[in-house]
Amino acid sequence: MNFVVQLSYLLAAVLFILGLKGMSSPRTARKGIMWAGAGMVLATLVTFLHPAVHGLTNYVLIVIAIAAAGGLAWWSGRRVGMTEMPQMVALYNGMGGGAAAAIAAVEMLRALRTLPNDLQVRAEALAADADISVQAATAALRAEGAGSVGIAGALGADVAILAILGAFIGTVAFSGSLIAWAKLDGRMKRSQLVPGQQIVNIVVFALAVLFGILTFFTDSALVVAVFFALGLLFGVFVAVPIGGADMPVIISLFNALTGLAVGFEGYAIGNPAMIIAGTVVGAAGTLLTQLMAKAMNRPLTNVLFAGWGSSEGASSEGPAGEMKDISAEDAGIMMAYAERVIIVPGYGMAVAQAQHKIWEFVELLQDRGVEVKFAIHPVAGRMPGHMNVLLAEAGVPYDMIFDMEDINEEFAMTDVAVVIGANDVVNPAARDDPSSPIYGMPILNVDEAENVMVIKRGGGAGFSGVENHLFYGENTRMVFGDGQKVAGGMVQAVKGL
């Protein structure tokens with residue numbers, strides 16, 4: 001039976017890899033999700049056949065866990081809106097990290113329970129072989145360090161090291177993801193919890209490392225509990241200073257950490273499906289994190305420790321000039337007579353749920369012979385691929401959606417560039433103003449278009465807290481209002497021609 005279980009775990013891991021491969025492209029993402037889901041169902045069901053699972057109580061607990069978690073996931077997945085998808089991703093990342101940390105906790109507590117019995121058994125064996133008393137054998141073993149090797153002695157050094165690493169990474173991913181969820185959901189707006197937040201972070205990290213080392217040798221549950229508490233605290237303190245502009249990066253990072261934690265704990269309990277799946281997710285998340293940080297022209301350490309992206313402390317004086325507004329109807333008519341139009345979506349489009357109206361407007365423009373494309377910045381929205389998901393939901397063909405590096409040169413040859421809900425990713429200050437906090441961040445060169453239309457509720461700064469120079473450009477017109485209503489007005493204007 002164990003052969004069947006291990007073979008099933010291997011097959012589940014293959015399905016995870018196929019699923020991840022499918023999710024690398026919008027065209028195959030749905031199929032990839034189905035493959036990965038099938039792998040998870042297989043891995044879950046075959047656990048009932050695992051030799052280590054026995055007794056009615058264990059089976060009942062597994063069924064209860066599956067029913068409760070599955071029911072909650074189904075309910076939340078059905079009701080979540082597209083604007084809340086980043087929060088859900090952050091929350092699910094945290095659950096994965098928390099599960100890995102829980103596995104580590106169970107293994108460590110099990111190891112602590114076996115230590116007294118293990119020492120007693122070894123002492124009795126030594127007493128029989130050396131023809132000495134059990135007390136003398138116990139004293140001899142303790143003198144050799146057998147009584148002080150703690151968790152490492154019970155689990156083995158390699159398993160203990162990976163279990164401890166997985167526990168720390170998992171707890172950080174769990175608590176950090178919960179903070180990311182709270183920030184994305186508007187439940188938390190603070191950028192620090194204590195004075196000198198970054199110094200406190202270093203101290204907490206150092207203490208966590210110290211207690212991680214102590215955990216390796218300890219036979220005390222209190223030391224283990226303090227270690228886990230420090231991991232949770234460090235995750236909170238790391239995520240708190242991160243502002244909304246950096247959320248796509250931090251979500252990718254926590255996703256990578258969750259994968260690594262799962263892989264480490266898979267090794268600790270000898271589960272090949274967890275090892276493979278965790279390693280693949282960890283590697284993919286790490287690569288995505290690096291790509292996202294590169295897209296912002298900032299090292300990951302700067303994202304984590306500089307506190308940039310929070311509305312507190314980020315400031316930039318507004319550029320000279322005034323914003324010039326235009327009605328939705330006039331904007332729609334101008335685009336109807338254009339030859340080339342590029343649309344740049346951002347988080348504001350998600351909030352307004354305007355993607356369907358925008359696509360309706362684009363179809364009208366195409367009927368009039370206008371060439372329309374969509375430009376996506378790598379960190380647009382609140383999670384990786386956020387805008388791609390929204391546009392795909394609205395039915396926008398994938399061949400109309402272009403990444404920043406593929407379309408940036410075309411703005412100079414574009415009649416009208418439309419920005420809906422995007423801010424920092426189109427701010428020319430990142431390219432032209434060395435004093436700007438976002439200087440050096442690659443942007444979409446929207447300002448190079450002949451005309452720029454910015455659909456926005458108001459003229460406020462972006463999530464970085466930096467004023468957008470684009471709004472004051474000579475070729476820029478502001479279309480103030482709710483994104484969906486503005487798009488509806490442009491649709492009616494074009495239909496009326």
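Throughout these legends, buried means under 20% relative accessible area, exposed means over 50%, and partly exposed is anything in between (1.4 Å probe, protein chains only). This is a predicted model, so to speak of local features we need pLDDT of at least 70, while side-chain atom pairs count only at pLDDT 80 or more and totals for chains, interfaces and linings use all residues. Residues are numbered from 1 along each chain as its sequence is written, and side-chain values use heavy atoms, with hydrogens and water left out.

**View 1. The chain as a whole.** Here we have 19 helices and six strands; helices (H or I, at least four residues) and strands (E, at least two) are DSSP runs, numbered from the N terminus. Of the chain's 497 residues, 48% count as buried. Take the contacts (heavy atoms within 4.5 Å) between residues at least 6 apart in sequence: 78% of them join residues at least 24 apart.

View 2. Side chains of opposite charge can pair when their charged atoms come close. A salt bridge here is a side-chain nitrogen of Lys or Arg within 4 Å of a carboxyl oxygen of Asp or Glu, and the whole structure has ten of them. In this one, the closest N and O atoms of Glu-360 and Lys-495 are 3.4 Å apart. Glu-360 sits in helix 15 (residues 355-367) and Lys-495 in helix 19 (residues 483-495), so the bridge ties together parts 135 residues apart in sequence. Both ends are partly exposed: Glu-360 at 24% relative accessibility and Lys-495 at 47%.

**View 3. Asp-482 meets Arg-457.** The N to O distance in this salt bridge is 2.9 Å. Distant parts of the chain get linked here: Asp-482 is in the loop between strand 6 (476-480) and helix 19, and Arg-457 is in the loop between strand 5 (451-456) and strand 6, 25 residues apart. Asp-482 is buried at 19% relative accessibility, whereas Arg-457 is exposed at 60%.

View 4. The side chains of Lys-373 and Glu-371 form a salt bridge, 3.6 Å from N to O. Lys-373 is buried, with a relative accessible area of 16%, but Glu-371 is partly exposed at 37%. Through salt bridges that share partners, Arg-340, Glu-371, Lys-373 and Glu-410 join into one network.
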